[in-house]
Amino acid sequence: MELAFAVVIGALTASGVYLMLRARTFPVVVGLTMLSYGVNLFLFSSGRLATGGQPIIGSAETYSDPLPQALVLTAIVIGFAMTAFVVVLSLRSLADNDNDDHVNGRVPEQDSTLQDQEQEGANT
């Protein structure tokens, strides 16, 4: 079970980093979400992977630590809120600029004929 958890955490982290390095907005959002899922699984696995363990010390022979579970639950709520905010922010950027290729901070140059037409329309 530990090996499967390690493979899933590694795959989520690698996929998240790969998507975060893309030049488009929405793959970056998906990459951040996948990376947060990988971190959540890592935090969850830090509380020892045990099935059937009680969360209270002394009530059973084995117990599971409730702190990583509480941290993961909090991280899920905060991650969902931040993902919703970033999606709305990227949709607004897409609506304002008609392009979602603004992750690198450079606005792509428009065709010179389009700029000439815009200037002619503004002059009339």
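## Overall contacts and fold

Of the contacts in the protein with a separation of 6 or more, 52% are accounted for by residues 24 or more positions apart. The model is a predicted one. Its secondary structure comes to 4 helices and 0 strands, and from the N terminus on the elements run α-α-α-α.

The protein has 124 residues, of which 16% count as buried. Its accessible surface comes to about 9,100 Å². Carbon and sulfur atoms hold 64% of that surface.

## Packing of α1 against α2

Two packed helices are described by the angle between their axes and the distance between the axes. For helix α1 (residues 2-20) and helix α2 (residues 25-45), the angle is about 155° and the axes are 7 Å apart. Angles over 145 degrees count as roughly antiparallel, and α1 and α2 are therefore roughly antiparallel to each other. The crossing of these two helices, α1 and α2, is left-handed.

## Residues of α1

S15 counts as partly exposed, with a relative accessibility of 29%. A polar atom of the S15 side chain lies 2.8 Å from the backbone oxygen of A11. Along the chain, S15 and L32 are 17 residues apart, and 9.7 Å separates their C-alpha atoms.

Y18 has a relative accessible area of 52% and is exposed, because the limit for that class is over 50%. L19 has its C-alpha atom 7.0 Å from that of V30, which is 11 residues away along the chain. Neighbours within four places in sequence left aside, L19 is in contact with P27, V28, V30, G31 and M34.

## Packing of α2 against α3

Helix α3 covers residues 66-97. The angle between α2 and α3 is about 175°, and their axes are 10 Å apart. That makes α2 roughly antiparallel to α3.

On the α2 side, the residues that meet α3 are T25, F26, V29, T33, N40, L43 and F44. Their counterparts in α3 are P68, Q69, V72, A75, I76, T83, V86, V87, S90, L91 and L94. T33, V86 and S90 are among the residues listed for this pair of helices, and each is taken up below.

## T33 in α2

T33 is found in helix α2 and is one of the residues that meet α3. At 16% relative accessibility, T33 counts as buried, because buried means under 20% relative accessible area. The T33 side chain reaches the backbone oxygen of V29 at 2.9 Å. V29 is also in the list of α2 residues that meet α3.

## V86 and S90 in α3

V86 is found in helix α3 and is among the residues there that meet α2. With 26% relative accessibility, V86 counts as partly exposed. In sequence, V86 and L32 are 54 residues apart, and in space they are 10.0 Å apart, C-alpha to C-alpha. L32 is also the residue whose C-alpha atom is separated by 9.7 Å from that of S15.

S90 is placed in helix α3 and is buried, with a relative accessible area of 5%. The side chain of S90 reaches the backbone oxygen of V87 at 2.9 Å. Residues up to four places away in sequence not counted, S90 touches T25, F26 and V29. T25, F26 and V29 are in the α2 part of the list of residues that meet between α2 and α3, and V87 is in the α3 part.

Terms used:
Residues are numbered from 1 along each chain as its sequence is written. This is a predicted model: local features need pLDDT of at least 70, side-chain atom pairs count only at pLDDT 80 or more; totals for chains, interfaces and linings use all residues. Side-chain values use heavy atoms; hydrogens and water are left out. Buried means under 20% relative accessible area, exposed over 50%, partly exposed in between (1.4 Å probe, protein chains only). Contact means heavy atoms within 4.5 Å. Accessible areas come from the Shrake-Rupley method with a 1.4 Å probe; for residues, only the protein chains shown count as cover. A polar contact is a pair of N or O atoms within 3.5 Å; within protein, one must be able to donate a hydrogen and the other to accept it, and residues adjacent in sequence count only if both atoms are side-chain atoms. Axes are lines fitted to C-alpha atoms, for helices over the stretch in contact, and angles run from 0 to 180 degrees between N-to-C directions. Angles under 35 degrees count as roughly parallel, over 145 as roughly antiparallel, 65 to 115 as roughly perpendicular and the rest as oblique. A crossing is left-handed if the near helix is turned anticlockwise from the far one by less than a right angle, and right-handed if clockwise.
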